[in-house]
Amino acid sequence: MKRLFVIFGVVALSAATTLATLRVADTISSDNLTEATHSTSPFSENAATDALFAASVVPAEYPDLTYAAENAVKAVVNIVATKQVEGRQYFDPFFEFFGYPQGGTQQREAKAGGSGVIISEDGYIVTNNHVIEGATKLRVTLPDGRAFDAKTIGTDPATDVALIKIDASGLPTLPFGSSDDLRLGEWVLAIGYPMELQSTITAGIVSAKARQLGALNNRYGIESFIQTDAAVNPGNSGGALVNTRGELVGINTIIKTSTGSYVGYSFAVPETIVRKVVVDLKESGVVQRAVLGISFRAIDQQFIDELGDDSDIKEIGGIYVASVAEGGAASEAGLRKGDVILSVDGVAVNDSATFLEQIGKRRPGDEITLKLRRGEKEITTKATLQNKAGETSLLSPESVDVEAALGGQFETISEKSAKALDIRGGVQVVKIKQGGLLERARIKEGYIITHINDRQIRSIDDLARLTDKIRSIDGVYPNGRASSYMIVE
């Protein structure tokens, strides 16, 4: 009983203490509640510390993403591309035992999924080139469940952007925003169809801009990706990167991962490039790529370490002009080897990605203002950009991207190799891609192209300048055997 009494007494005392505390708390007004709380803080030594402590406990305000999400998701679609791929034939050891031929490969049908963004009410959809590349059939499913067959309007492997169209009207669209106005830390949404999950929305912030990864294996590849930490997975490719106003600021393209799935960062083609490529493809079916006519290198610490003494450049920043193509836009504007480009139309260019984006979003015939450093002097000059054929006019719809049409990867052969084969130069086929003219003509890797349409090809630059439809290919194999091919369409 005594023990129970003691326990009861403790409980009663505790209750009384609590009641007293509540009564004291009731007497503290809302105006001095913060002051009373701070007075007990171990960090409270002066007013400045109190103010800092008060700020640290105020919850962060997050943007309302519901408007952007609910409207943008209506314009993002699922794309299923049907492709022909090579697969091994069935192997039967019974037939092999009796000497019948076995093995080899055969064509089989495979399907791959991606995303796309509706940009016009009459059914134009932007997506990634790698989503639809090599497809024999494209099937587009809208968020409302309707499905359409789509046709390809045009593709651009250099930016990994493609434009397709479905036969529909009155579709919800996603307006273009401005990727130039994006700020580091700004909230963005990634919308797509990852892992066969319909209309999936993830959020993150802009982690970096003008990011270059070396992922686009193309001579004219333009990489100036927006990096975000919004979750993007296989199937998100071609989907929308949206700002808080519900505007399209990029097309989700690549994830950097060691597992094949999202592990932290994703990358999108910026709106400046997407918009330009889409307009070109819609208007003429061919990308109007602007060329300045230089080879260059960003002046970073590695440049300073390797070439700083030879070039007499001691400070990081700018684009070093390594060579100037004769008759090109840069040559006509008076640029020289050793010049340092500081800005393009007032935009500072301190890395290759930013420089490529500034040139890549323009067309042949556009005039740009270049700020240069030449020795100790700063010079401002204007350059009129050219097309790949060395002209300031736009390419016609009949113009051909010869490298893409051939379907391969190429290298200019060395002077030593050319001399050994008794030729004046050429371009060697180092890889053959499926579906191109090289594959259809059964040209083998290692073949050295010396002429196309009877025009001499000494280097990749010569190859790039061609815009006519390919009618004939002449060249030689490394063993000296000459071969010619007539292209019949």
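In this predicted model, the side chains of Arg 297 and Glu 306 make a polar contact at 2.8 Å. Arg 297 is found in strand 13. This residue is partly exposed, with a relative accessible area of 28%. Arg 297 counts as partly exposed because 28% lies between the cut-offs of 20% and 50%. Beyond its close neighbours in sequence, up to four places away, Arg 297 touches Gln 302, Phe 303, Glu 306, Leu 307, Gly 318, Ile 319 and Tyr 320. One of these residues is Gly 318. Arg 297 and Gly 318 lie 21 residues apart along the chain, and 8.8 Å separates their C-alpha atoms.

Salt bridges were searched for across the whole structure, and 16 were found. Side chains of opposite charge can pair when their charged atoms come close. One of the salt bridges joins the side chains of Arg 289 and Asp 156, with an N to O distance of 2.6 Å. The two partners come from distant parts of the chain, 133 residues apart. Arg 289 sits in the loop between helix 7 (271–284) and strand 13 (294–298). Asp 156 belongs to strand 5 (residues 147–156). Both Arg 289 and Asp 156 are buried.

Asp 280 is buried, and its relative accessible area is 0%. Lys 276 is also buried, at 9%. Lys 276 counts as buried because 9% is under the cut-off of 20%.

A further salt bridge pairs Glu 378 with Lys 371. Here the closest N and O atoms are 3.4 Å apart. Glu 378 is exposed, with a relative accessible area of 54%. Lys 371 is partly exposed, at 34% relative accessibility. Elsewhere, salt bridges with shared partners join Lys 276, Asp 280, Glu 283 and Arg 363 into one network.

Ser 179 was examined next. Its place is in the loop between strand 6 (161–166) and strand 7 (187–192). Is Ser 179 buried or exposed? Ser 179 is buried, with a relative accessible area of 2%. With neighbours within four places in sequence left aside, Ser 179 is in contact with Lys 209, Ile 226, Val 249, Pro 270, Glu 271 and Thr 272.

Backbone angles were also considered. Most residues other than glycine have a negative phi. Ala 210 has a positive phi, near 55°, and is not a glycine. Ala 210 is found in strand 8 (residues 200–211). At 22% relative accessibility, Ala 210 is partly exposed. Asp 454 also has a positive phi, about 65°, although Asp 454 is not a glycine. This residue is found in the loop between strand 21 (448–452) and strand 22 (455–456). Asp 454 is exposed, with a relative accessible area of 64%. Asp 454 counts as exposed because 64% is over the cut-off of 50%.

Definitions and conventions
Residues are numbered from 1 along each chain as its sequence is written. This is a predicted model: local features need pLDDT of at least 70, side-chain atom pairs count only at pLDDT 80 or more; totals for chains, interfaces and linings use all residues. Side-chain values use heavy atoms; hydrogens and water are left out. A salt bridge is a side-chain nitrogen of Lys or Arg within 4 Å of a carboxyl oxygen of Asp or Glu. Helices (H or I, at least four residues) and strands (E, at least two) are DSSP runs, numbered from the N terminus. Buried means under 20% relative accessible area, exposed over 50%, partly exposed in between (1.4 Å probe, protein chains only). Contact means heavy atoms within 4.5 Å. A polar contact is a pair of N or O atoms within 3.5 Å; within protein, one must be able to donate a hydrogen and the other to accept it, and residues adjacent in sequence count only if both atoms are side-chain atoms.
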